[in-house]
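Thanks for coming. I have one structure today, and I will go through a set of annotated sites and then the interface.

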Amino acid sequence: LTNMSATNYDQNCLPDLLPLYYKRLFPYGPYYKWLNYGGIPRHYFSHREFSFTLKDDVYLRYQSFSDQQDFEKELQKKCPYKIDIGAVYTHRPKEHKTVKSAAFQAQEKELVFDIDMTDYDDVRSCCSGADICPKCWPLMTMAVKILDRALREDFGFEHLLWVYSGRRGIHCWICDETARKLSPQGRSAIAEYLTLIKGGENQVRKVNLPDKLHPSIRQAVTIINGYIVDYLMEKQDLLDCEQKWKKVVALVPADNVREQLLEDFCGKLGKDSRSRWKILTTRLEQAVQKNMTKQLHVEDEIKLQFCYPRLDVNVSKGVNHLLKSPFCIHPKTGRVCVPMDPRKIDEFDPMTVPTISGLLDELDSLEPAENNDQGKKIKDYKKTSLGPFLEVFETFLQGLESSRKGKLIEQSDIKMEF
Amino acid sequence: MEFGNRTRTKSKTNDASRATDNRYPHRLQLYTQPPSDTISLQEFEELAVERLKVLKAVETVGITQQKGTVKYNELLEKEIAATKLKDSILRIKSVHPEKESDNSYRDHLSHFILRLAYCRSEDLRRWFLTQELDLFRFRFQMEDTRSRAQFLNASNLKYKPVSREEKNYVVKQLDGLDHMSNIDDIEYYKVPFTEALDLVRNRKVFLQSGFAYVPQDDLVSILLSVYRTLLSQALTVTARALPSMEEDGRLLPMLCGLSKRYLGQDYGARQQNVGAVTADMIDMLSKKSFPLCMQNIHTTIRHTHHLRHGSRLQYGLFLKGIGLSLEEALRFFRTEFIKNTDVDTFDKKYSYGIRYNYGKEGKKTDYTPYGCMKIIMNNAPATGDSHGCPFRHFDTDFLKQRISTFGLTKDGVEGVMKYVKGGHCQVACAKFFELTHGISDSSSEVEMFIQHPNQYFEHSQKLLNGPAKTPSTPRGVKIVNSQTATSRSSGSDTSIKVETMDETMSQEQMQAMEDDMV
């Protein structure tokens, strides 16, 4: 399956490509299975808000659909450029005008996180803005690992859907029942627990650790340690030249240590990033041992500032916040918003994510109507490069399904007790 | 809350039939069950007022002292000891069990009475919730470990200490490889993380699989979380039930009056000073005796010969409060405004508004001058406006510049800005008052509280012109019956006067209130 089609994408063709995508490739079945959550409660899908962005930036809010068929029909009719998923409301969102405004309330929604590469512009030297490349992509890899661990191990969440946004970021949808029912205070508490980078342009040192490190911080540093050589030293070449090492040394709070380091580096001690890093860490360790500094964890603070995930708390706080849907197309790149497997995140390469034009090309060269073992028609999307990504999604769905089954058994056991 | 429909004996404070042990298994409680006895109207009012004094003390002490410190505890204990509910709130040694039950009953009852008074609006609910939570924290911290465990039991809170092995594991996780703590005397409680959000948010607790392992010292944080949820819901329910309460007109007026007392003196009607100030005196008076907010508006009108609506209201009512008559007010505003517009426009557009302020137009209400709370919280100034509170609404650099022009020392300016940065606008204003009137230096603690611009004016005038004795500036924290009432105090009709001090709120509380209003 070829990847060359990625370069064939032309934004202007989108109006012609989208109808075909929505007809043959959008995975309606699995998608509905997800958002329906087993029909518990029954209205869950029909009370969900979607928003569509149509051609020419026409924005439609409070879209809702009664079932999969209704959803499919509307999508194929309107061919939105962008689809956002919002909250599950007390009433069908498309009927919200018929309800008293105080009665129409957002009730539940997945807990979501949005990580955007532009928030790392001050710590990546290869790209800025909307660009990404293999040299800075590891930031997203580390973000997935660190957050996935914390959300599963610390908070006990099980059903996480990680998605590539199609251009410069990633999203995480946490779909456990407890997560969907969280209050805004609960959501913001989790987001703040996961936030270590604080401060804007005027703040040089953005990470300030207490003397005793919380276990989650230690865990994050452990994960980052695995990427120091490959990412910090080689891809980013962190201490390559004076302009770059000055930025790093600026994070050292103790004046004397900072001056010593600048002296070391300018005095040609160390010949490349790796050797300079060794000098840096040694000096910092000495400083702590000799009581030259009050901050005990400067080395960790530097690692965290350059590598720890930066999330937008506002996206996570609100129950009614709308976030881009998986499986829609990013208009600028043509790439599909695909699920990622956190267990194989090191192998994920955003440059190989299928584009809409590429997929449609693939469809053209497919063998007609193959049947699977059960004699059923295999869905088109499974026959294209989209297939593996659908598998990740199916695994996620199976997890949700078995959780639901487990809960039902639990409940019926309780009932049978008497 | 049920009053009157019971066949129980009428309850007087020392009625023995009330004093049963299992009614109050612990002196602290979360007030989940309403009381159900009859009491006299007098006792009803007394309990309400006394508890209000307690809550006011909680608020005031919390402003000047950091919660949980020794100084805070001592000061608050002293203040509460001056109220009639002291035995119900504070720990007292060796009490007869009958008396103990009685004390708990008064605690119980007074809480529920104030719920009725403070459920009626979002502002009141928020205030009541904040003070009750702080009071609970204060009381809980005073209990020993055994008593705290008893409380958990009595309140049916299923927080059990974890096993030794689990505790070992948790502490090891927290310590890492660095140090080993002594864990024998500290219990850890396993709590769903959703009930420990404050601890989670600040990474102050170990989390695993969705549970927070809370050391006993932090348990109060969990309890406060639970209490907040309970009380917040209860207040909403009470507010909804209030209209349909069977009420025969004895309680509601009293309850309304109670929550009004929290707003303090209003410098409204019953002013004896009408005519004391004339239009030409305003300039001179403004220089020293006007608070910064009013000086700002005055400067604006002098320079631009115009004021926008919000400023006209705030300033116009203030001037009325200092004694400017309607005729003089019209004279003052007309003289200024016609420098920029013609007389006809003034008479048509603006004079109506001035007469409206004095209750001569429209529904003829004699409007009261805005207190600090209203100026700070409502109607924030937009571009082009000159109303509001400078200590709250001005850009900090601009404010610093402004107050530096009043002859303050650098330290003095810093002293004021310190309070501004902490969000304590009214304390900053008081500090500014003290420095400009030379009654304190930059390093001393602020002793007065500004809660009304007209209060500022009156104190200033008294200092500058009044009789030689020092004026009875309200010293920070006293909530006692005011026998030394100033000649300006609006005579309250009820016999018990609560000389309230404080509408000051921290930045967070203000932000929370604003978020609510949006």
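B:C293 sits in helix α12 of chain B, residues 292-304; helices here are DSSP runs of H or I with at least four residues, strands are E runs of at least two, both numbered from the N terminus. This is a predicted model, where local features need pLDDT of at least 70, side-chain atom pairs need 80 or more, and totals for chains, interfaces and linings use all residues. Residues count from 1 along each chain as written, chains are lettered from A and ligands numbered from 1 in written order, and side-chain values use heavy atoms, without hydrogens or water.

B:C293 counts as buried because its relative accessibility is 9%, the cut-off being under 20%, with over 50% exposed and partly exposed in between (1.4 Å probe, protein chains only). Leaving out residues up to four places away in sequence, B:C293 touches B:Q314, B:G388, B:P390 and B:P453; contact is heavy atoms within 4.5 Å.

An unreviewed UniProt entry puts "binding site" at B:C293, B:C372, B:C389 and B:C429. Such annotations may be inferred rather than shown by experiment; positions follow the numbering used here, and feature names are shortened. These residues spread over 137 residues of sequence, yet their largest C-alpha distance is 10.2 Å. B:C372 is in helix α16, residues 372-377 of chain B, and is buried at 10% relative accessibility.

Now the interface. There, 19 residues of chain B contact 23 of chain A. How many salt bridges are there between chain B and chain A? The count is 1: A:E192 with B:R201, closest N and O atoms 2.9 Å apart, where the criterion is a Lys or Arg side-chain nitrogen within 4 Å of an Asp or Glu carboxyl oxygen.
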